Amino acid sequence: MRRKRSSPILSLAMILAAAVVGVPFYYIVVNTFKTQRETSAAPLAPPTSLYLDNYVRVFESTPILQSFLNTVYVTVVSIVIMLVIGSMAAYAMLLRKTLLNRVVGVLLVIAFLVPGQATLIPVYRILVELRLVDSLEGLVFLYAAGSIFCYFLIQGYLRSLPISIFEAARIDGAGPWQIYWRIVLPLIRPILITVGVFQTMWIWNDFITPNVFISSPDKQTLVLQVYKAVGQYSVDWPAFMTLSVIVLIPVVIFFIAMQRHIVSGLLQGSVKG
């Protein structure tokens with residue numbers, strides 16, 4: 001079978017797109033190995049020597065490990081809650097197509113379309129009443145609202161599966177919980193991984209939510225540590241970029257490791273079973 005040749009225009013477009021993504025990343029990485037003076041003089045030039053003092057200074061002056069553990073805790077717990085709630089809601093709404101469920105579906109669409117920035121003040125007052133402000137559990141509570149996004153993607157994936165599978169299990173005497181645990185979860189594993197990756201990247205890189213609801217230094221996430229390099233009158237650019245690289249490394253490794261699962265989950269969900 002003859003392999004189709006790629007178009008030169010397509011190749012050029014892909015090279016330009018890769019440059020648009022790669023140049024900022026190169027800019028950040030190379031400047032972590034420079035002094036403040038070198039960064040200001042030639043920001044795009046490669047470093048003249050392997051200058052590691054920026055990393056040493058950042059690890060000595062910033063609680064990186066504590067912030068990393070805080071971020072991992074919030075991310076993992078939030079993802080588990082979102083996937084459980086999203087998958088259970090999608091499964092229930094698919095099996096019981098009642099008028100009430102349709103109304104709830106419309107309300108979820110409206111809630112999904114409302115920008116989070118517009119609800120910061122009322123949400124903050126709610127967390128004050130619940131005594132969850134300035135706590136990692138409060139962040140988990142807020143991120144759990146991402147279950148709506150999980151619900152929509154998982155429901156779309158479930159619609160691509162033959163409904164006869166669930167009906168056959170029900171005829172064989174399986175209850176709703178048995179169908180969900182033994183049939184639904186294994187079948188939707190690809191989309192669960194895909195949604196989990198997207199939500200992980202969102203929570204890991206989120207700045208607004210922890211910046212508004214977290215004030216204690218020992219409860220800050222990694223992204224907030226990056227913001228510390230921004231002073232009132234000046235910016236410590238080497239420290240800023242060094243912290244940015246430290247924040248990016250785990251999520252880049254995670255994305256590369258899960259890339260195959262993302263593609264397979266999206267492709268399988270786009271094919272009608």
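Predicted model: local features only at pLDDT ≥ 70, side-chain atom pairs only at ≥ 80, totals over all residues.
Trainee: Which residues form a nonpolar patch on the surface?

Mentor: Leu-99, Val-103, Val-106, Leu-107, Ile-110 and Val-114 do, and together they have about 560 Å² of accessible area.

Trainee: Is Val-103 buried, exposed or partly exposed, and why?

Mentor: Buried means under 20% relative accessible area and exposed means over 50%, with partly exposed in between. Val-103 has a relative accessible area of 43%, so this residue is partly exposed. Val-103 belongs to helix H5, which covers residues 99–113.

Trainee: How much space lies in the largest pocket, and which residues are closest to its centre?

Mentor: The largest pocket holds about 820 Å³ of space. Its lining has 23 residues, and Val-114, Gly-116, Leu-142, Ala-145 and Trp-202 are the closest to the centre. Val-114 is also a member of the nonpolar surface patch.

Trainee: Which helices supply at least two residues each to that lining?

Mentor: They are H5, H6 (120–130), H7 (136–143), H8 (147–159), H11 (189–205) and H12 (208–213). H6 gives the largest share, 4 residues.

Trainee: How does the lining of the largest pocket divide by class?

Mentor: There are 16 nonpolar, 6 polar and 1 charged residues.

Trainee: What lines the second largest pocket?

Mentor: That pocket has about 270 Å³ of space. Among its lining residues are Met-88, Arg-96, Arg-170, Trp-177 and Tyr-180. Helices H4 (64–95) and H10 (176–187) are the elements that give two or more residues to this lining. By class, the lining of the second largest pocket has 9 nonpolar, 1 polar and 2 charged residues.

Conventions. Residues numbered from 1 in each chain as written. Heavy atoms only, no water. Patch = residues over 30% accessible without salt bridge, like charges linked within 9 Å, V, L, I, M, F, W, Y side chains within 5 Å. Areas by Shrake-Rupley, 256 points an atom, 1.4 Å probe, with all protein chains shown as cover. Salt bridge = Lys/Arg side-chain N within 4 Å of Asp/Glu carboxyl O. Buried < 20%, exposed > 50% of the residue type's maximum accessible area, 1.4 Å probe, protein only. 1 Å grid on protein atoms, 1.4 Å probe; cavity = no way out; pocket = protein on both sides within 12 Å on 5 of 7 lines; lining within 4 Å. Points joined across faces, edges and corners; volume = space filled by probe spheres on them. Nonpolar A, V, L, I, M, F, W, Y, C, P; charged D, E, K, R; others polar.
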